[in-house]
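Have a look at the picture first.

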Amino acid sequence: MVDLSVNLAGVTLKNPVIPASGTFGYGREFAELYDLNLLGSFSWKGTTAQPRPGNPQPRIAESAAGMLNAVGLQNPGMDAVLRAEVPNIARLFHGPVIANVCGFSLEEYTENCRRLDGVDQVQILEINISCPNVHAGGKNFGSDPRSAAAVTRAVREATKKPVFLKLSPNVTDIAEIARACADEGADGLCLINTLLGMRIDLNTKRPLLANRTGGLSGPAVFPVALRMVWDVYEAVRLPIIGCGGVDSAEAVAEMLLAGASAVEVGAANLRDPYACKTIVENLPGVCQRLGVNKLSDLTGGAHHG
């Protein structure tokens with residue numbers, strides 16, 4: 001019997017498979033297809049203090065090995081999530097939940113974390129620092145070490161729950177950002193968020209997305225994400241959730257060998273709504289092929305060969 005359980009800053013998951021924020025909503029739609037309790041956890045849709053309608057259409061564009069999205073953090077706002085979604089999640093899923101927290105100021109991040117501190121089922125706060133800082137000309141919080149450190153310090157003081165900073169790949173040195181977060185008390189890291197990209201419509205000769213640019217996800221970003229997980233594992237001693245192009249049990253094993261303790265599955269859910277279920281079911285066979293009885297033994301293994 002293969003032990004698939006993993007530990008994230010003291011939070012035990014039955015397996016390392018976590019649907020990524022933005023691709024799983026708050027679990028409602030996927031619960032109609034399969035029992036969510038087979039998952040290790042799931043990261044709910046990025047939530048801001050106030051409701052957001054998102055960016056104008058079109059905001060999705062396909063690419064040869066992935067997709068671009070410029071959804072723009074569409075969500076019902078924290079009040080609605082606490083009132084309607086949290087009770088529904090408790091009915092659909094009985095394991096620990098990861099709350100993806102967004103904000104456009106330090107005050108918004110901290111207030112959102114304070115409000116989630118009393119939600120028992122939410123056991124990890126995933127802090128999305130790819131949000132634009134409205135007090136710094138729209139520059140993303142995760143784009144430089146000082147801003148990333150400031151968010152980490154603020155949310156660490158606002159909650160007793162483990163905080164995992166979700167890092168952007170659109171930086172010169174992601175390891176430097178990771179160290180800045182670690183120095184200010186981050187309990188873990190999640191990487192990567194999407195890569196900035198665009199497409200052009202040959203008929204109109206204009207960008208396909210109304211927002212011009214969007215975030216690239218899917219198989220195309222997997223080698224980039226894997227390299228960044230490797231670099232961050234070398235730089236800090238924190239648990240890492242690897243994210244970016246994970247679409248198979250074999251990709252999970254690669255992410256763990258690079259240094260991840262768990263993974264998030266994003267775009268694959270949009271292509272195949274049963275993707276996470278299939279990955280969980282295939283993990284024992286991959287472990288057996290690799291000669292491990294405990295999946296967590298793979299973490300960082302490629303660094304020590």
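In helix 7, the buried residues are Ala249, Ala251, Val252, Ala253, Met255, Leu256 and Ala258. By buried I mean under 20% relative accessible area, with exposed being over 50% and partly exposed in between, using a 1.4 Å probe and protein chains only. And when I say helix or strand, I mean DSSP runs numbered from the N terminus: H or I of at least four residues for helices, E of at least two for strands. So helix 7 is mostly covered, with seven of its ten residues buried.

Before I go on, a word on where this comes from. This is a predicted model, so local features need pLDDT of at least 70 and side-chain atom pairs count only at pLDDT 80 or more, while totals for chains, interfaces and linings use all residues. Residues are numbered from 1 along each chain as its sequence is written, and side-chain values use heavy atoms, with hydrogens and water left out.

Back to helix 7, then. What covers its buried residues? The cover includes helix 6 (222-235), strand 14 (240-243), strand 15 (262-265) and helix 9. Contact here means heavy atoms within 4.5 Å.

Let's take helix 9. The axes of helix 7 (residues 249-258) and helix 9 (residues 275-290) come within 8 Å and cross at roughly 60 degrees. That makes helix 7 oblique to helix 9. On the wording: angles under 35 degrees count as roughly parallel, over 145 as roughly antiparallel, 65 to 115 as roughly perpendicular, and the rest as oblique. The axes themselves are lines fitted to C-alpha atoms, for helices over the stretch in contact, and the angles run from 0 to 180 degrees between N-to-C directions.

The crossing of helix 7 with helix 9 is right-handed. On the helix 7 side, the contact is made by Ala249, Glu250, Val252 and Ala253, and on the helix 9 side by Ile279, Asn282, Leu283, Val286, Arg289 and Leu290. Sorted by class, these residues are seven nonpolar, one polar and two charged. Nonpolar covers Ala, Val, Leu, Ile, Met, Phe, Trp, Tyr, Cys and Pro, charged covers Asp, Glu, Lys and Arg, and the others, Gly among them, are polar.

Next stop, helix 3. Glu108, Tyr109, Thr110, Asn112, Cys113 and Leu116 are buried there. They pack against helix 2 (78-92), strand 6 (97-101), strand 7 (122-128) and helix 4 (145-158).

How do helix 2 and helix 3 pack? Their axes are 11 Å apart, at an angle of about 15 degrees. That makes helix 2 roughly parallel to helix 3. Met78, Asp79 and Leu82 of helix 2 make the contact with Asn112, Arg115 and Leu116 of helix 3.

Now for the other neighbour. Helix 3 and helix 4 have axes that come within 8 Å and cross at roughly 30 degrees. So helix 3 is roughly parallel to helix 4 as well. The crossing of helix 3 and helix 4 is right-handed. Here Leu106, Tyr109, Thr110, Cys113 and Arg114 in helix 3 meet Ala150, Val151, Ala154, Val155 and Ala158 in helix 4. That contact has eight nonpolar, one polar and one charged residues.

One more residue for you: Ala268, in helix 8 (residues 267-271). Ala268 counts as buried because its relative accessibility is 5%. Leaving aside neighbours within four places in sequence, Ala268 is in contact with Val246, Asp247 and Ala275. Ala268 and Gly66 are 202 residues apart in sequence, and their C-alpha atoms are 9.1 Å apart in space.

Let me zoom out to finish. The protein chain has nine helices and 15 strands. Its radius of gyration is 18 Å, close to the 19 Å that the globule rule gives for 305 residues, so the chain is as compact as a globular protein of that length. That radius is taken over C-alpha atoms, and the rule is 2.2 Å times the number of residues to the power 0.38. Buried residues make up 56% of the 305.

Notes:
A crossing is left-handed if the near helix is turned anticlockwise from the far one by less than a right angle, and right-handed if clockwise.
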